[in-house]
There are 2 protein chains.
Amino acid sequence: MKILFASTGEKPEVWLPLLKEALPRDELAVVPSKDVDVALVALPPAGTFEKIGRPRLIQSLWMGVEKLLADPTLPRGVPLARTIDPGMVAAMSEMVLACVLDWHRNLYRYRMHQRAGSWQRIGQRMAGDRTIGLLGLGELGSDAARKLVALGFNVAGWSRRPKNIPGAECFTDLAEMLPKSDVVVCLLPLTRDTQGLLDGKTFAAMKRGGCVINLARGGHLVLKDLLDALDSGALSHAYLDVFEREPLPASDPLWRHPGVTLTPHIAALTEPRTALPRVVANIERVRRGEAPRDLVDFEAGY
Amino acid sequence: MKILFASTGEKPEVWLPLLKEALPRDELAVVPSKDVDVALVALPPAGTFEKIGRPRLIQSLWMGVEKLLADPTLPRGVPLARTIDPGMVAAMSEMVLACVLDWHRNLYRYRMHQRAGSWQRIGQRMAGDRTIGLLGLGELGSDAARKLVALGFNVAGWSRRPKNIPGAECFTDLAEMLPKSDVVVCLLPLTRDTQGLLDGKTFAAMKRGGCVINLARGGHLVLKDLLDALDSGALSHAYLDVFEREPLPASDPLWRHPGVTLTPHIAALTEPRTALPRVVANIERVRRGEAPRDLVDFEAGY
């Protein structure tokens, strides 16, 4: 088969040797053409889809596909799969734990005290005194939930479809889940339904003085509402890894906001070593004439 | 029995109601006298031991007993027990994970970038690319090891006596363990043997550019050697929760060192709710004439 690697978001110098080793019988290409069987994409160069026609599979090397779905040149009716990379899932859970623990143990406050040279102890709370609300209980949310439960946190999760995660309370009604939550972690795909979900109404429904952690997409957050909630004390702190405009311009006052810990969209990157087997398995399914896995539901938007 | 609560380090207004409820038949006292059966201590007021003579048990409400052992008025031959508090153990593991993840995910560097308004991504590494060296594999170290292993980190542990922890490599020879370690976490009791263990020789034996996390006692660390190791790049960062002199004076330049994240000895406090059952169980053992648990080995120093 002919496999096209069309990506400005993933490095060909990393992926091509791995693909060559895993798929020695196949032809690997970086220039799009009509005879491509499978296209591996992550921010593909403009015009890619017009040049390849209708391959048997378009495999996104990333989990988030909102940009692909918004691309009018993406061929409809061609199977589009996302790569559920166990390394990326593990990295996301690390970042969830890092942010939750930073807030839970008041480390963001101790850093302010350090800058002031001030030795002040803040009362200790136990993990069991906190409830972590997870927005999204797919591959990412369920892994994070399991790891938070193992540390003794109460976990309240919200998803569109009912889920069952041992040790966690799962909700399909956001209005039931938010009032229980000290922390809200956003791990949702960005869709019509989830755009702007982290807004003033959401912050007001959470426990007062809590924390918001957005590791999903900038479009989930209404930034003005967040700043208001930090000002009023409705929220004590926010951890933001994603922004409407990336890179966030150096002039943006958000960089200097004392209530925000900001990282440059690094929570979880696709890890070629662990993503490769999933990509190869889907290519082998196509070769055998089987349906690829982890197909995107165009209606749901992920 | 007569139970004395003699502590300037733990709050009587928290402990006394809990003790009264758990031990309704016993006499609770806060004034030392010769007829005390059990003394519960955490930084007891000066003169306490001279006034109580030889009770049947001295129960430290804290795990660290180096100050008690250094007290010349502590009666020798009276059983001295430490409280192994599951809440304190959980809190310590939270702090180990918070610091390890902060270093592993480069969050201490991203905070510097945030202050500079600089969007710079640092390459992602997986937990399996890192080895976390734990000094001490008792109650604290073994719990932290288990939780680090669950996140995919390699764990190398060091203890005086051979240990077996699933998923971790356990050493009794420090010289074998250090060269494997990206991170060294100190969870040791402070004894003659462990004083000054975190010194230039230790830092030089670790993987270059690693990290030291001291959550045990200030006396474990040779501060000058740490500063040299940070200056030379032998170490990339240090997380210090404990200091030779506490509170650390506001004038100490350590507060402003960019290579040090500093917290005011808050990694893990005794949690009365979870410590109480252990304390009460030891009192009941004394009542039944049985040997108390978690006795301090005066020779080993913990």
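This is a predicted model: local features need pLDDT of at least 70, side-chain atom pairs count only at pLDDT 80 or more; totals for chains, interfaces and linings use all residues.
Two copies of a chain are related by a rotation about an axis and a shift along it. In this model, chain A is superposed on chain B by a rotation of 180°, with 0.0 Å of shift along the axis and an RMSD of 0.0 Å. The relation is therefore that of a two-fold axis. Within chain A, the C-alpha nearest the axis belongs to A:A98, at 2.8 Å from it. Both copies use the same surface, as 100% of the contact residues of chain A recur in chain B.

The size of an interface is often given as the accessible area lost when the parts come together. Between chain A and chain B, the buried area is about 4,400 Å², and carbon and sulfur atoms give 60% of it. Chain A contributes 50 residues to the contact, and chain B contributes 50 residues.

Polar and charged groups also pair across the interface. A total of 28 residue pairs are in polar contact between chain A and chain B, and 4 salt bridges are found there. One of these salt bridges joins the side chains of B:R105 and A:E94, with an N to O distance of 3.3 Å.

On the side of chain A that touches chain B, at least two residues each are supplied by α4 (86-104), α5 (107-116), α6 (139-150), β12 (260-262) and α10 (272-287). The largest share, 8 residues, comes from α4(A). By residue class, this side of chain A comprises 26 nonpolar, 13 polar and 11 charged residues.

Notes: Residues are numbered from 1 along each chain as its sequence is written. Chains are lettered from A and ligands numbered from 1 in the order in which they are written. Side-chain values use heavy atoms; hydrogens and water are left out. Copies are superposed by least squares on the C-alpha atoms of residues with pLDDT of at least 70 in both. Contact means heavy atoms within 4.5 Å. Buried area is the accessible area (1.4 Å probe) that two parts lose on being put together, summed over both. A polar contact is a pair of N or O atoms within 3.5 Å; within protein, one must be able to donate a hydrogen and the other to accept it, and residues adjacent in sequence count only if both atoms are side-chain atoms. Helices (H or I, at least four residues) and strands (E, at least two) are DSSP runs, numbered from the N terminus. Ala, Val, Leu, Ile, Met, Phe, Trp, Tyr, Cys and Pro count as nonpolar, Asp, Glu, Lys and Arg as charged, and the others, Gly among them, as polar.
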